[in-house]
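Subject: Structure handover

Hello,

Here is the structure for you to look through. Please open it first, then read my notes below.

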Amino acid sequence: MIIGHGGNKTALAKQLGCHVDEIIDMSANLNPLGPPERIKTVIQNNISAIGHLPEPDAWSMVQGFSRYHDIDPETVIAGNGTTWFIYTLPLALQAQNVLILGPTYSDYADACRMHHIEPKFWIADFENGFVPDLEAVSKMAAHADLVFICNPNNPTGVLLDPAFVTTLLQRHPRVCFVVDESYLPFVDHSEDVSLIQAGPFPNLLVLSSMSKIFAIPGLRTGFLSGAPDWIEKVRDFSQPWHVNALAQVVIQDIFDHPEQIAPFYETTRAFIAREKQWFLQKQENFSGLVPVPGHTGFILARLENHTALPVCERVGQDRILIRDCGNFHGLNQRFVRFSLKDRATNMKLADSLAKALTQ
Ligand SMILES: Cc1ncc(COP(=O)(O)O)c(C=O)c1O
C-alpha cells in the first residue's frame, strides 16, 4: 500500500500551513526514545560507505542477527525493511489461498492483491478484546497455504501466547505461517514469546523489523528467518544490494554490541509502561474513549460518541497526527490509534483528545 499508512506529516503540515517539523506524529508506531545514541555517530563515521557497493546479500548483517538470536545464518535473509518480504512472500511461496488474522496491518492483504490473490480474513472482534479464537482460526487455516499473523498485532496491540501459533504449526504442517514480530521487542519478556528460536518447525517464517524498536524506518531494514525450504524460495527472489550501505553498517554495529541491546529494550519497555499507565489513568476522565487492552506502546481506542475523522481533524488542529483506523479491514470509523511519546507530548495529546471528545 503506497498510501493509507500512518505518518503523513507532510500532508497535515501543508493543510495547516506550518513546517513539517512542527507536527507531532503520534500515528507512526516508533520507539518514543528515538534511535540508540550510537547510531548517529556510526552514520557520521561511515558516511564514506555510500561511495561503494555494499555486500550484495548483506551477509554481515545476517550474521549479526543470527549470532544475537543464536540461529543458523543460512535460515535468515536481510531485507529492505520487512515490507520487501511481505510483498514478496505470496509470489515466492506461490500462494493461492491466503488467510490473514485481522483486523491487522493492511499490507499483508495489499501484498496478496498485488499478486492477484484475494485473501480470506478471520476477524477478531472488539467485544472479545480482539483476541482470536484458536479453533475458528484453525478451521480456516486448514484451507490455506499461507497464513499471516501479526504478534503483537498492529493496530490492536493484542499479544498471542506462543502456544496459539505452535498449535497451528503442528496441526497444519503443510501451511506456511508467517508471524510478524516487528513490535515484539517492545513487550516485556518478549524473548519468551518470540518464535525466532522456535527451532524445528518446517512451516514457520518470522518477520523482524528493525524500523520500530530502533526508530530507524528511513534506513529500511528488517529480517526474515525460519524454515530453510521456504527461506530458499524467498532467497530466489532477492536482488543484489537490496539493503543499502549505511543501513548495513548501522545494523552490523548494533549486533556487534549485543551488550547494549538488552538495556535499550529494557529502558524502552519501562518508559512505555510508565507512559501508558499515566495515559490510561488520565483518559478515565474523558468520556467516550475506550482503549483496547494491548501490549504495545501504541493504543487502539474505540470512540463511543464520535467518528474518527472529525476527532483526528480536531486533534490535527493542535498539530498532532493520530491514526484514523477506518481503513483497516475489520475496524470501522469508530477507531483511532496513537503511539505514546514523552510525558509532555502525551499531556498535549490528552488535552487535545479531551477537547475533541467534548465537541
Ligand atoms: C506490523 C508491521 N509489519 C511490518 C511493517 C513494515 O515495516 P518495515 O518495512 O519498516 O520493516 C509495519 C510498518 O508499519 C508494520 O506495522
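Start with the ligand and Ser 209. An oxygen atom of the ligand sits 2.6 Å from an N or O atom in the side chain of Ser 209. That is a polar contact (a pair of N or O atoms within 3.5 Å). Thr 83 also has a side-chain N or O atom 2.5 Å from a ligand oxygen. For Asn 154, the distance from a side-chain N or O atom to a ligand oxygen is 2.8 Å. The protein covers 92% of the 400 Å² of accessible area that the ligand has on its own. Accessible areas come from the Shrake-Rupley method with a 1.4 Å probe.

A word on the basis. This is a predicted model: local features need pLDDT of at least 70, side-chain atom pairs count only at pLDDT 80 or more, and totals for chains, interfaces and linings use all residues. Residues are numbered from 1 along each chain as its sequence is written, and side-chain values use heavy atoms, with hydrogens and water left out.

Now the shell. 15 residues surround the ligand, each with a heavy atom within 4 Å of it. The closest are Thr 83, Asp 180, Ser 209, Ser 211 and Lys 212. By class, the shell has five nonpolar, seven polar and three charged residues. Gly counts as polar here. Helix α4 (residues 82–92) gives the largest share, three residues. Helices are DSSP runs of H or I, at least four residues; strands are runs of E, at least two.

Next, the aromatic rings. Rings of Phe, Tyr and Trp (its six-membered ring) pair if their centres lie within 6.5 Å; planes under 30 degrees apart are stacked, over 60 edge-to-face, the rest tilted. By this rule there are 15 aromatic pairs. The rings of Tyr 68 and Phe 255 have centres 5.6 Å apart and planes at 50°, so this pair is tilted. Tyr 68 lies in helix α3 (residues 59–69) and Phe 255 in helix α9 (residues 245–256), so the pair ties together parts 187 residues apart in sequence.

Tyr 68 is partly exposed at 28%. Phe 255 is buried at 4%.

Phe 126 and Phe 335 have ring centres 5.9 Å apart and planes at 65°, so they are edge-to-face. Phe 126 is partly exposed, at 24%, and Phe 335 is buried, at 3%.

Best wishes

Notes
A polar contact is a pair of N or O atoms within 3.5 Å; within protein, one must be able to donate a hydrogen and the other to accept it, and residues adjacent in sequence count only if both atoms are side-chain atoms. Buried means under 20% relative accessible area, exposed over 50%, partly exposed in between (1.4 Å probe, protein chains only).
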